[in-house]
Amino acid sequence: MLPSRNQSQLVTKTIVTIFIFLICVHSRSSAADYSKFSHSTQKHRAACNTCHKITFPDITDYPSHDACVSCHRPQFFRGAKPPICSVCHSKTSPRDEARYAFRKPPTQLQFAVEFPHDKHQDAIALLRFAHPPQNYNNCTICHASRSATFKAAPTDHSSCFNCHWKSQEPVAANCNGCHKLASAPYVPAESTRKSAKFVHEGGGEKKQHVAECTTCHINITKSSSLRGLKPDVPITACTECHNKVGAREDLNKELLAIDKNRSFTCVYCHAEKVGSLDPPASHYLIAERPPLKRKDIK
Amino acid sequence: MKLSFVALLLIVTVALAQEPAVKQTGVLRLRVKVKADDSLPLRGLARKRFFLIPGTLEQNRALVNAIEQQQLTTRDCYYKQHGASAELINWLKDGDCESVYCRSIEKDFVSGPKVVPEFASAFAVGQKEYRDDETALQWLTTNLNPDLRDGFYKDRQRALETLLKQGGLGMIQSVMTDRNGSAYFTDLGPGTYIISNVIPTELGQTLATWNCEVQVKYVATETPYTISNRKDKNVKCVAVEKPKPACD
């Protein structure tokens with residue numbers, strides 16, 4: 001049976017309406033959002049110094065107006081509050097020059113840094129306690145104390161340019177030598193304590209935890225990249241002092257406490273959540289005992 | 001048909017019930033103790049890079065021979081050959097430094113009685129360039145002659161690459177010893193390896209080379225594998241020492 005003329009018109013009208021609706025939705029969704037800046041955009045992938053003029057002494061700052069206006073003149077002068085201004089400025093008004101602190105948002109990064117610890121360990125990072133008057137270069141050049149628990153990582157170029165300003169590659173003008181565009185903007189993971197309660201500045205009155213970093217962080221000297229780098233610390237780094245028969249026996253004491261009460265939580269070194277798990281085989285090995293599971297203890 | 005379906009179902013169920021295989025790896029704890037001369041006590045060899053090469057000494061005979069027969073320029077000879085002043089050579093020696101990066105260059109070394117001529121010239125260039133004494137001092141190495149700045153390090157890296165990029169070598173790990181002469185090789189499969197410093201270590205008037213065969217098991221070894229340039233009951237491998245060659 002053929003559809004009536006009214007029915008055909010209704011179908012045609014519906015299709016046209018849907019088509020117009022889809023066009024509207026598509027055009028709206030594909031309109032560029034000029035309040036957001038991405039280095040991944042094809043046209044933002046030119047040489048870094050197209051926008052970032054390397055100025056002494058540092059370049060961690062927003063580029064000047066020229067960098068934007070050269071391509072975005074229409075967006076730059078659109079209305080009283082052009083959205084493009086909000087990439088750098090806290091108020092989108094031609095009369096207010098106040099800018100966000102570099103970078104916005106403060107934690108979101110568009111580039112990952114390549115840093116070969118192994119090469120830097122070879123060239124610098126000595127710590128010779130035998131020669132106290134001499135100021136040896138070491139990890140603290142870049143990693144100062146952020147808190148008693150964690151060390152800080154460099155956030156600007158000052159620790160790099162001491163050596164890499166010129167001649168020593170990657171030099172200041174070779175941004176790509178260290179900065180690689182990340183596949184998506186990311187927020188670097190905040191350091192948190194999951195397992196050990198170690199305090200770098202601790203170790204009693206004599207502050208005996210203040211030692212050479214690589215004694216405990218055993219994989220730093222072999223890492224050629226920051227990718228996959230973990231703060232690996234073997235238990236022997238702790239038990240050299242904390243499990244000496246006749247002196248401190250902190251590990252032995254806690255393993256014995258588990259023998260007596262399988263629900264015992266190891267809290268001398270560990271955060272509670274980790275301290276209630278089965279001690280790993282490495283801990284029993286140090287105590288010269290066969291490994292045990294809590295469930296097997298009667 | 002029904003039977004094979006049930007069998008297949010059983011195999012899949014058993015396979016899924018298996019716990020995922022845990023990757024077991026071994027650890028090797030290295031300790032290097034040396035005497036630069038017999039009047040001194042044994043001490044940890046600090047800040048030296050060691051390599052772990054898969055295979056036995058026999059399997060790596062060509063590499064071991066190449067390591068033992070290489071003709072290397074010593075640190076002092078390198079700097080002399082590249083025109084370093086006696087003051088710079090002494091500054092490096094005083095700190096047991098292989099390059100200018102190992103200790104900070106203080107004001108005392110850019111002028112006055114302890115001046116190192118190379119540092120004074122680089123500082124003067126920096127003063128003009130940066131118009132700030134503090135920056136000129138802090139960035140001093142950027143104005144040094146590259147041969148004296150990192151030429152020795154690059155020379156050593158080239159020698160390493162030539163030796164270790166030979167075909168047939170497996171995955172090579174390297175670590176640097178800490179100030180006590182200790183270092184860890186981690187994530188190791190079980191088997192036989194060679195511990196080598198590849199580039200001879202300068203100890204007083206001799207060059208020491210280690211090529212030691214070691215077995216790695218799946219369990220972490222808490223007893224260190226001790227190597228030295230002197231024999232001792234705890235020492236598992238003794239270095240081959242040769243007198244330092246004279247400078248050309």
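A residue counts as partly exposed when its relative accessible area falls between the buried class, under 20%, and the exposed class, over 50%.

**Aromatic pairs**

Over all chains, the count comes to 12 aromatic pairs. Phe102(A) is partly exposed because its relative accessibility is 36%, whereas Tyr62(A), at 12%, is buried.

Another edge-to-face pair is made by Phe161(A) and Trp165(A), with 5.4 Å from centre to centre and 70 degrees between the planes. Here Phe161(A) is buried, with a relative accessible area of 5%, and Trp165(A) is buried at 16%. These two residues also belong to one aromatic cluster with Tyr130(B) and Trp139(B).

**Where the chains meet**

The contact takes 37 residues from chain A and 38 residues from chain B.

How many salt bridges does the rule find across the interface of chain A and chain B? There are three. In a salt bridge, the side chain of Asp122(A) meets that of Arg49(B) at 2.8 Å, N to O.

As for confidence, the model scores ipTM 0.82 and pTM 0.80. Chain B has a mean pLDDT of 89, and 88% of its residues reach 70 or more. Where pLDDT is low, the predicted coordinates should not be read in detail.

**Nonpolar cores**

The largest nonpolar core holds 29 residues, of which Tyr79(B), Leu88(B), Trp91(B), Phe119(B) and Leu140(B) touch the most other members. At least two residues of this core come from each of helix H3 (75-81), helix H4 (86-94), helix H5 (117-130) and helix H6 (133-138) of chain B. Leaving aside residues up to four places away in sequence, Tyr79(B) touches Ala84(B), Ile89(B), Leu92(B), Glu98(B), Ser99(B), Leu148(B) and Phe152(B).

**Backbone details**

| Residue | Phi | Relative accessible area |
|---|---|---|
| Glu288(A) | Glu288(A): near 55 degrees | Glu288(A): 74%, exposed |
| Asp96(B) | Asp96(B): about 50 degrees | Asp96(B): 40%, partly exposed |

Glu288(A) is placed in the segment after helix H9 (281-286) of chain A, while Asp96(B) belongs to the loop between H4 and H5 of chain B.

Chain A also has a cis peptide bond, from Glu169(A) to Pro170(A), with omega near -10 degrees. Pro170(A) lies in the loop between helix H4 (158-164) and E2 of chain A.

Finally, Ala211(A) is found in the loop between strand E2 (179-186) and helix H5 (213-216) of chain A. Ala211(A) counts as partly exposed because its relative accessibility is 32%. The C-alpha atoms of Ala211(A) and Glu201(A) are separated by 9.6 Å, the two residues being 10 residues apart along the chain.

Note on methods. Residues are numbered from 1 along each chain as its sequence is written. Chains are lettered from A and ligands numbered from 1 in the order in which they are written. This is a predicted model: local features need pLDDT of at least 70, side-chain atom pairs count only at pLDDT 80 or more; totals for chains, interfaces and linings use all residues. Side-chain values use heavy atoms; hydrogens and water are left out. Helices (H or I, at least four residues) and strands (E, at least two) are DSSP runs, numbered from the N terminus. Buried means under 20% relative accessible area, exposed over 50%, partly exposed in between (1.4 Å probe, protein chains only). pLDDT is the predictor's confidence in each residue, from 0 to 100. Rings of Phe, Tyr and Trp (its six-membered ring) pair if their centres lie within 6.5 Å; planes under 30 degrees apart count as stacked, over 60 as edge-to-face and the rest as tilted. A nonpolar core is a set of buried Ala, Val, Leu, Ile, Met, Phe, Trp, Tyr and Cys residues joined through side-chain atoms within 4.5 Å. Contact means heavy atoms within 4.5 Å. A salt bridge is a side-chain nitrogen of Lys or Arg within 4 Å of a carboxyl oxygen of Asp or Glu.
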